Amino acid sequence: MTDQTNQARQGDGAGAPAVDRVVRSVCSPNCTGGCGVNVYVRDERIIKIEPADFPDPGYRRICLKGMAMAMQRVTHPDRLRYPLRRIGKRGEGRFERISWDEAFDFLAGELQRVAQRYGSEANAWTTMTGNYGARASMSPNRIANCLQGTWFTYTGLMGDLGAAMGFLPTLGVSATGQDWPDLVGARLIIIFGCNVATSALSEMHFLFDAMEAGARLVVVDPRYSRTASKADQWLSLRPGTDAALILGMLNAILEADLHDADYLRRHTNAPFLVRDDDGALLRERDLFANGGDGTLVLDAERGRPCPADDTAMPRLRGGVTVKLLDGRRISCRTAYDVMLDAWAQYTPERAAEICEVPADVIRGLALEYAQTAPAALWIGQGAQRYRHGHLAFRAAATLAAVCGNIGKPHAGVSWSGGAMLRVFSSVIFNDPLGLLEPGGRRARTLPGTRMLETIATGKPYPVKSLWLAGYGFGTQSPNFDRFVRDALPRLELFAVTEQVMTPAARYADIVLPCVSSYEDDLDIVPGAYNLYVQLRRRAIAPVGESKNDWDIFKGVCERMGLGEHWQMSAETFCRQLLEQSTDEAVRSIDWAELEREGVVRLALPDPYVPFADQRFPTESGRVELYTERLRGFGQAVLVHEEPLESNRATRAKDYPLTLMTSHAMHTVHSQHTNLAWIRELLPGPRLEMHPVDAAAREIAEGDLVAVWNDRGRFEVRVTLTEAVRPGMVNLPEGWWPQHLAHGHYNDLVHVTPNPVQDAIIETNFPVWDVLVEVTRVASPPAAPVPPEGKRR
Amino acid sequence: MTRQYVFVIDLRRCIGCDTCVVGCKMENAVPPGHFRLKVFDSQRNLQFKKPVGTYPDLDMYWLPVMCQHCADAPCVTACPTRALWRRDDDGLVMLDKERCIGCQRCGEECPYDALTFDDETGTADKCTACEHRLAEGLAPMCELVCPTRAIHFGDLNDRDSKVRALVDSRESRRLNESSGAAPQIYYLSP
């Protein structure tokens, strides 16, 4: 056993008795902090946690949520302590206690029955991000593969795929970021759509460090966020217009001739020739009988087409008429010229009209960014929560490239990055040991954003069972009410693995009690926003009869004759996940060091600067500002697209307000909402509304209001604040249906398929692409805390 | 020279996250509904905090408030049983709960509302600067857990201390200085 514990030592609380042991573990809910924690244990109970050591003391931290979770969630009275089988109607909340043997027999029987009747792919699984342990979070996908069922992808359903779809076509990676400590040294930092001080609060001190070292901080956010309140400058833009703002900046930079022409020539596809007839890149095979896929540029001397790789200094501007193999003559221009043409419309004045940020502010920021070095761009998930949210991320990458700011210290363009993606992406493409695909067995994959429709319609094929693990589905998924109404009746089995009776678990046929991360077997937690890999050790024994995800799936597979695939120990799994990686930086981690220290940094330069070698895993190996494959969607060149439910759309006549559901300081989504220490500080949900919008609706502070559109309605108390701009409302999210007087905010959202995103990867759930109206339904009662609403 | 322990709280770095509040509750087993440390906004709200000003010209800061360990503490003067006293060797205001009779006069006199009282017995409770941790050479819990490194604790009389350097180099103020209590928590201006 690898549990490594310090010698029991005297507790340091006043008069506190000795602790039995101190275990270095990892706080790992769906939080990007990934804080190492020393867990003080007495009598198999956590008596406190403290921040654990890190090689870089900047990562030595914990927060209110981590403490509340360790102290109040792990042993919460609501923790499920044994398997439960439904005895009432679905959703009625009546369950009977059963043994694990009964649970495994029931599940194996149901899964086999469904598979025999409809085919194995009628059994489906998905997960979300409730547990950042690698083994825990991979287990649901693993059983889907093992039983050759259906795996519903979850990043689009999460609403975080827009970011990836902006970076991937442009930079060749779905996420990348400079090290947080690398911000120190930047002279200008611009943050788009990221409330670091709330949703990544443990990283905020790096920003303060950078500011104290001389950085000017600019925050672009519709709301006056905590981060905005700390900035030197705050730009409050109309929700969903980040790409337009950046296009206005690009226009101003190009107009002032402040772009980095040398960088554009050498490291981007801006000099590539684009055919005027179809917008495709001109390729050698268009001109030469033996030509390949190679792209062409204009050579500097004569302005003739030549292979892009043959000249370091091609012309950035210009055109040429070429004769195709079939004899046709067509004109071509550099991609740069095509972009300049397309971007000419986005003057700062035009951008100001779109974004509702003054033109001189946009121009000023643009010129400052182009003339300040080093200058760093950070873009966060907030910018992607609209129909074409990927464009904001592409815009940020484009802005950085046009100014030659990629691959340089204290500069770059960052979103996420971290060790997690590097650890996980390797196993997806290279899994010789069957960590994810045991015995080479593989599930059929369907987009999670279509899960509801797939189950409801039986198309493209019937899905008759769904098993969720690590997913607060009833509070976090879009349109859970529709799932219950349209999809659930089509399911012959709905199983949920959970720690507490969540709104989704109440509808399950069987609920499997899951351990918290503090009770789980050994696991590894790669940093979501940092480059460290940590060992997560078991701190205390499982609560009640709860089991971890792996063992729950193992128990079922054993009864289905596939137990051989689940015999690997937790330590073997963790070691092999690192050792089999195709990523040198992951593979180089020394297991003995990881065991000894509990934390090891990926074998990368420190601080890490992505793309320092200016090599990009795109087709051309360059930054691809021109995206050839999106030309059929009008997005070969960066453009701004309005949200589907823009507050300037016709629909806004009926529903004039954009509904945002921002991340909250006091909870990670729905995970901390029911903890006493949290609720002392955050008694209940409050819809944030600007006093101007409130006055127009005769709404006063504390009123109960209905927030509604043609898809749904929820009721909540309102708080009036200047921190949200007129024309929008914001509900810091994480609330369960029972905390709202009526309905749920995720009943009002939509997941309208987006063909361009489907062409890149998959439609992203556009969480804030939502228009609503708000009306007062009651006067405030005397009690400051809203009464418990009706439960689902 | 004797020590003078102080907290120096950097309001430029404080993001009002309440981590110090929860850390204090965890370390000191503060009962539900009671606090030795609270974080206010600039309008003294404890919940649903808001900026001041009119959109888009806004300003916001947060104020962590605990016992101010006053050099001339009104609570010490008011306490009839000497359950409260100022420690000579480091300036911390201490509380002996065994001697507290729950009269709550200290609470009435405190300019900072820094004392909380047991629901049943009425006995006082307050920030001790985690003296049990200090005795082991450890930092107070609020300082240890502050994610933005906004809270600093140390000896103001030590010329080499971080707190001394901060107070000397940054503009600071103490709360309600006109109270005459000579509070020992320094707030670096936002």
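**Conventions.** I number residues from 1 along each chain as its sequence is written, and chains are lettered from A and ligands numbered from 1 in the order in which they are written. Because the model is predicted, local features need pLDDT of at least 70 and side-chain atom pairs count only at pLDDT 80 or more, while totals for chains, interfaces and linings use all residues; side-chain values use heavy atoms, with hydrogens and water left out.

**Entry 1, the open sheet.** I looked up the strand order first. The sheet is open, has 5 strands in the order β10-β9-β8-β16-β17 (chain A), and pairs in parallel. Helices (H or I, at least four residues) and strands (E, at least two) are DSSP runs numbered from the N terminus; two strands pair if DSSP finds at least two bridges between them. At the edges I find β10 (233-235) and β17 (413-414) of chain A, each pairing on one side only.

I then turned to β8 (residues 188-192) of chain A, where 5 of 5 residues are buried. Buried means under 20% relative accessible area, exposed over 50%, and partly exposed in between (1.4 Å probe, protein chains only). L188(A), I190(A) and F192(A) point one way from β8(A), and I189(A) and I191(A) point the other way. β8(A) has 5 parallel bridges to β9 (residues 216-220) of chain A, with I189(A) opposite L217(A). β8(A) also has 5 parallel bridges to β16(A), where L188(A) stands opposite A375(A).

β16 (residues 375-379) of chain A pairs in parallel with β17(A) over 2 bridges. Helix α15 (residues 390-402) of chain A packs on this sheet, touching β16 and β17 of chain A, and its direction makes about 170 degrees with that of β16(A). Contact means heavy atoms within 4.5 Å. Axes are lines fitted to C-alpha atoms, for helices over the stretch in contact, and angles run from 0 to 180 degrees between N-to-C directions.

I checked how α9 (residues 242-255) and α13 (residues 348-355) of chain A pack: the angle is about 170 degrees and the axes are 8 Å apart. On the α9(A) side I list A244(A), L245(A), G248(A), N251(A) and A252(A), which meet P348(A), A351(A), I354(A) and C355(A) of α13(A). The contact residues divide into 7 nonpolar, 2 polar and no charged.

3 bridges join β25(A) in parallel to β29 (residues 728-730) of chain A; M660(A) has N730(A) as its bridge partner.

Where is S546(A) placed? I find S546(A) in the loop between β23 (532-536) and α20 (549-559) of chain A. S546(A) is buried, with a relative accessible area of 5%. The side chain of S546(A) reaches the backbone oxygen of V543(A) at 2.7 Å. Not counting residues up to four places away in sequence, S546(A) touches residues including R79(A), R81(A), C514(A) and E519(A).

Methods
A polar contact is a pair of N or O atoms within 3.5 Å; within protein, one must be able to donate a hydrogen and the other to accept it, and residues adjacent in sequence count only if both atoms are side-chain atoms. Ala, Val, Leu, Ile, Met, Phe, Trp, Tyr, Cys and Pro count as nonpolar, Asp, Glu, Lys and Arg as charged, and the others, Gly among them, as polar.
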